[in-house]
Amino acid sequence: MVFVKAARDVLLRPLQVVSGIVERRQTLPILANVLVRKDGEKVAFTATDLEIQIQTSAEVGAGKEVVATTVAARKLVDILRALPEADVTLALANKKLTLQSGKSRFALQTLSADEFPTVAMAEYSADFTLPAATLKYLLSMVHFAMAAQDIRYYLNGMLLVVEGETVRAVATDGHRLAMCEVSKDGGGASGKIEAIVPRKTILELSRLLPDSEEAVRVQMAPSQVKFTFGAIELVSKLVEGKFPDYAKVIPANNTKLFVVNRELLSSALQRAAILTTDKFKGVRCVLGSGILKISSTNADQEEAQEELEIDYGGDALDIGFNVNYLLDVLNNVSGSVIDCAFGDSSSSALLSYSSEKDFKYVVMPMRI
């Protein structure tokens, strides 16, 4: 029985949306599959890893029947990518899904749709909207500071704070912290709501969000968050645990202030980083009257030195940083000039942009 008929690209698009969260290694075989549920012309595609669930739909159904099955997500996407542009049909018979296009034919094993684990929806206490481009901007400003596989699991994600008309995003790996905030379009939340969204959810959301003013509906519950935009619905569990008090981390009394061209600083740091090692990514920054000196050395006693002219007449400072932490903020945040606020050699530095009023980046020093 043919239940889907569409042009290759029309069918491939929703499958690419949902298949991004499918892991190559699975604890349950069915988690490698995508749930395909047809009701008339509407076909819904759903994928989950038990932590995140993504669903989207397309008008690609053939016939009026209600049909549901699951099939290997990556195999289906890989086959469609490899086919030339033409009409594709999906047929279901004897627990196999047959994909046909022109003279190409593939028969894939299926598993019952009844076995597919879907995420139960929570009761949401906050419900508001943001333009897609605004939310994408918010995530892009801080995502790089998230921890990847830290034993402090609450750092492996991004803190979202909804307070009044403000939505704030904070990420830290314990060595640096990025914070940015935007205004939301109204919507309900009584008091202040905080949620730690998992790293994988943030990266997937960044991939899927369009650069447009299309509204994204955000719904938050104590253990779950839901993002709805266009035909896409992304539901994610939240990370349990207490996020560090980010307000206390941001230095307020750094007195050594100067501005520097972002591209010049980035280029100088990239050159200095060449002579650092994989284990030790430290660069030394020496601040003096009218000058910022950047240097690095390695075990082979090789040395790199860079000098940048700056408008500075304060006290001298000799401080070290992990060069990658500096390059991350320079490469991920646009703006021609970066504002630097240093304390002493053992205090965190505060980096910000005059063009991005609601962004702050804190980086701890390292011993050189």
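A residue counts as buried when its relative accessible area is under 20%, as exposed when the area is over 50%, and as partly exposed in between, using a 1.4 Å probe and protein chains only. Keep that in mind for the views below, which show a predicted model: local features need pLDDT of at least 70 and side-chain atom pairs count only at pLDDT 80 or more, while totals for chains, interfaces and linings use all residues. Residues are numbered from 1 along each chain as its sequence is written, and side-chain values use heavy atoms, leaving out hydrogens and water.

**View 1. Serine S266 sits in helix α6.** Helices (H or I, at least four residues) and strands (E, at least two) are DSSP runs numbered from the N terminus. With a relative accessible area of 8%, S266 is buried. Setting aside residues up to four places away in sequence, S266 touches L327, L330 and N331, where contact means heavy atoms within 4.5 Å.

**View 2. Helices α6 and α7 pack together at about 145°.** Two packed helices are described by the angle between their axes and the distance between the axes. Here α6 spans residues 262–273, α7 spans residues 323–332, and their axes are 10 Å apart. Axes are lines fitted to C-alpha atoms, for helices over the stretch in contact, and angles run from 0 to 180 degrees between N-to-C directions. The crossing of α6 and α7 is left-handed, a term used if the near helix is turned anticlockwise from the far one by less than a right angle. From α6, R262, L265, S266, L269, Q270 and A273 meet V323, L326, L327, L330 and N331 of α7. Sorted by class, this contact has seven nonpolar, three polar and one charged residues. Ala, Val, Leu, Ile, Met, Phe, Trp, Tyr, Cys and Pro count as nonpolar, Asp, Glu, Lys and Arg as charged, and the others, Gly among them, as polar.

**View 3. Four strands make an open antiparallel sheet, in the order β21-β20-β19-β22.** Strands β21 (303–309) and β22 (317–322) are at the edges and have a single partner strand each, so one side of each has no neighbour in the sheet. From one strand to the next, the twist averages 20°. Two strands pair if DSSP finds at least two bridges between them; β20 (residues 291–297) and β21 are joined by seven. Look for S296, which stands opposite A304 in β21. Helix α7 lies across β19 (282–288) and β22, running at about 80° to β22.

**View 4. Cysteines C285 and C340 are in no disulfide.** A disulfide is a pair of cysteine sulfur atoms within 2.5 Å, and by this rule the count is zero. For C285, the nearest cysteine sulfur belongs to C340, 9.0 Å away. C285 is buried at 6% relative accessibility, and C340 is buried at 5%.

**View 5. Two hairpins involve strands β6, β7 and β8.** Strands β6 (residues 87–93) and β7 (residues 96–101) pair in the antiparallel sense over five bridges, with L90 facing its bridge partner L99 in β7. Two residues lie between β6 and β7, and N94 takes a positive phi near 55° in this hairpin. Six bridges join β7 to β8 (residues 104–111), also antiparallel, and K96 stands opposite Q109 in β8. In the hairpin of β7 and β8, G102 takes a positive phi near 60°.
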